[in-house]
Each structure stands twice: as structure tokens, then as C-alpha cells.
Amino acid sequence: MAGDGKWGVKRDANGNIVMSLQQQLAQEYSKLQNENFNQLPSLQKWITYLKAGKTPATRIRYMINMIHGISDQLMVMPETLVSHGVPIDTAKRKEIAIEYWQNFLAWFNTAYPQMQRTNTIVAYRSFLSAHSINFAHGEGKRYGLSTTSEKLGEYKEIMLTPEQIETVNRRLENDNDWEAWSFMNIDLHTGARAFAMASTSWDRVAMSPVFRVEQFEPKIKKGSWYLTREGKWWVKYPTEECRSIIKTVHDQLPKRDCMFFDNAGSDKANCLRASYFTKRMTARFRKIFSELDKSSWLNEKTRTYALGDGLYFDGRPLHLFRHTMAQYYLAATNWSLAYVASLGGWENTEVLNKCYGGIPEHIKAHVAKSVHVKFDTLELSASITTRLL
């Protein structure tokens, strides 16, 4: 086939078949639809609905897992949730779907009172919508199906303490685990999301004349493509402390194009390697964090965020570095939201302020003491005074 031009088979330098982005996406969708649980008629209909909206296969799989969890907890098939194939009108099907949701929600709120449920709501409403069960604007709120997070910013104050960072660094150095050491310490200065950190390449790091690091953020859809993902190249100008860490990383890690893995010669293969490395780092830091003294954590919420609750939430040990970066850099810059947002890869200061670390109340109170505004003595120009009169 490779020798016959009509088949259009191409191979990279390592002999791996090179597939177009469209072919890769089609292959991912095909794998998704062939999974056993997804063979259910209601799931097939939903997958088709999501594909029509160009939802990525990875996102579809995540949402399907949500519906799987709801079905398992309620001990009913997904078909039952939406009355698939049952000859009743839409209003009755909607009533049934709401009742099942409220039963699930009663259990969820008791079992996980501190957990956000926005992603679960988005998945459930999408599943219902694929079966013509929809809600008017604002209607979902009365049933606990509002997609507006009621706990936005719940984790804005979590972070690793200086003592924890020192303990983890000492352990990684003693274990000669320079990959994990490099991942954590660079991330604490750049605030990159996990995939952006794992896929960092040396040709995007400039030590002079100006020190900068470019990392690819796939969560931000801006029309650039890297390792089969759409996103944006984010140019960051970290501190001199980060430059020193980068020099150590360059000396300690093997010499290769990508910082954390060998270049496999194709975007798809490199994407898999970056994803595998991310999973390996997740497992590594979850283990390290689990062995820290419980009393060392800032609070139980931070510990749960890092490690999960053992049942519903797997934890986000790597994303904790991003939260920590926000907290430390905001404090170090006297809460310069604009600078920290530009460094960490937030498109605006709103999300940074609401979800990662806005100005603490005690800082606001301190600033208020040094600010003096006297309206009775404020001098206005003649032109402004005239207009006001």
C-alpha cells in the first residue's frame, strides 16, 4: 500500500503511518462508538448529537462516564432516564427525567457536600437535550439543574505550603527523580496546565537575550495546532528564579527535543507520550502527597483537592501547582492580577480573580487604611465644572 500512490499512505522518519488530523478524529470517534456501554441506543443517539456539535471524543467519553455514574447510582439504564422508546409525551418524559435527577442529587449532596456538580449537570442536560428534553433559560435552577456554578471560586485559596514544597523537593532530589522535580518547579513558576507542562519543548525556551518560555495551552481555543490539539501558544516571561531552575533541568534531564520525552517523529505519537507522561506524573505526585503529614496541609479542602475523596473525585494533584503558582505570585506582586494572568495563561483576570486567588480581605482592609479620598477638596477643571453645572 505504501508503494502504491493511490492509497496515499505516508510514513514518518520512524516508519509510523502518518494520519491527517481528520483521520485521527474519525478514528477516535469510531473507537468511542464501539465501546460496550456506548452500544445502548440512547447513548448512540447522544454520541451522534455530540459529534454533530463537534464535541471532541475525549470530552464525549468524559460526559458518558458521568451518565454511567448516575445510572449506576440510581440502578437504572440510561434508556430509563429519558424514557427512550416509551410512547409518552415530552412533558411526561421531562417530569420523569427530573425526578431521577432529584433522587441522584439528594444522594450526591449528602455523600459529597463540598463537591461541585456543574460538570455532572452539563452532561445530564446534554443527554436530555439529545432526547428532546430541554429547559427554558433559568428553568433548570428550580430543579437543581442550573449550569451556572453555585460554588465558583470554592478552591481559590488552596495551595501547597512552603514547608510542603521544601519536603517534596528534598524527597525528589534524594530519589534522583529529576523529571518530577523539573515538572513541579517549572510549573510553580509558569502555572501551566498539565498537558502544556508535559509537552514543553526546548526549542520554545529562550535563555537570552530575554528569558522566555512558550507553552501550548489546549484549553484555550485560538486556532493553533500542536500535537493534534487545538489551542494557543502562550509566551511567558518568568522570573530569574525560574531561569535558574531551567538551567538545572537542562543539566539533569537527558538531552532531547522535548523536555520530558523523546521526539517520536509524529504529532500523534508525541501527543500520546505527553499524555502518558502526564498520567505518570499524576500517579507520582498523588503518592507523594498521600505520604505527607496530614497536619501539614493548609486545610482539608486542599488535601481533598490534591488526593480526591477515594470514590467520586480522583483529585487533581498536578493542577494544585497552578493554584499554588497563582497564590504565591499574586502575593509577591502585591496582587497584580494582570501580570499573573499574563504569566500563568489566563486570558483575563476574571477567572484568576474568582477561581485562583483574588485579593484577600485583610489586604483590602490594609490598602483602605493608606488611601485617602476627600471629595470636598477635590479640584475640578473649569471645563468640567461648567459641564457639571
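Visitor: How many disulfides does the structure hold, and what makes a pair of cysteines count as one?
Guide: The structure, a predicted model, holds zero disulfides. To count, two cysteine sulfur atoms must lie within 2.5 Å of each other. A disulfide is a covalent bond between the sulfur atoms of two cysteines.

Visitor: Why is Cys-271 called buried?
Guide: Its relative accessibility is 10%. Buried means under 20%, so Cys-271 counts as buried.

Visitor: What makes Cys-355 buried or exposed?
Guide: Cys-355 has 17% relative accessibility. That value is also under 20%, so Cys-355 counts as buried. Across the 389 residues of the protein, 45% are buried.

Visitor: Why is the pair Glu-350 and Lys-354 called a salt bridge?
Guide: Their closest N and O atoms are 3.1 Å apart. The cut-off is 4 Å between a Lys or Arg side-chain nitrogen and a carboxyl oxygen of Asp or Glu, so the pair qualifies. Side chains of opposite charge can pair when their charged atoms come close.

Visitor: Why are Glu-350 and Lys-354 called partly exposed?
Guide: Glu-350 has a relative accessible area of 47%. Lys-354 has 39%.

Visitor: Which residues does a network of salt bridges join?
Guide: Shared partners link Arg-171, Asp-175, Asp-177, Arg-284, Lys-287 and Glu-291 into one network. The whole structure has 18 salt bridges.

Visitor: How do you know that Asp-175 and Arg-171 form a salt bridge?
Guide: The N to O distance is 3.7 Å. That is within 4 Å, so the pair counts. Asp-175, at 41% relative accessibility, is partly exposed. Arg-171, at 24%, is partly exposed too.

Visitor: What makes Glu-291 and Lys-287 a salt bridge?
Guide: Here the N to O distance is 2.7 Å. The limit is 4 Å, so this pair also counts. Glu-291 is partly exposed at 44%, and Lys-287 is partly exposed at 43%.

Visitor: Which residues form a nonpolar patch on the surface?
Guide: Val-367, Val-371, Val-373 and Phe-375 form it. Together they have about 410 Å² of accessible area.

Visitor: What is the mean pLDDT of the protein?
Guide: The mean is 85. A pLDDT of 70 or more is reached by 87% of the residues.

Visitor: Where does pLDDT stay under 50?
Guide: Residues 1-9 are one such stretch. The model gives them five contacts beyond four places in sequence. Over residues 382-389 the pLDDT is below 50 as well. That stretch has two contacts beyond near neighbours in sequence.

Visitor: How many helices and strands does the protein have?
Guide: There are 17 helices and six strands. Among contacts between residues at least 6 apart in sequence, 62% join residues at least 24 apart. The accessible surface comes to about 21500 Å². Carbon and sulfur atoms account for 53% of that surface.

Terms used:
Residues numbered from 1 in each chain as written. Predicted model: local features only at pLDDT ≥ 70, side-chain atom pairs only at ≥ 80, totals over all residues. Heavy atoms only, no water. Patch = residues over 30% accessible without salt bridge, like charges linked within 9 Å, V, L, I, M, F, W, Y side chains within 5 Å. Areas by Shrake-Rupley, 256 points an atom, 1.4 Å probe, with all protein chains shown as cover. pLDDT = per-residue confidence, 0-100. Contact = heavy atoms within 4.5 Å. Buried < 20%, exposed > 50% of the residue type's maximum accessible area, 1.4 Å probe, protein only. Helix = DSSP H or I, 4+ residues; strand = E, 2+ residues; numbered from the N terminus.
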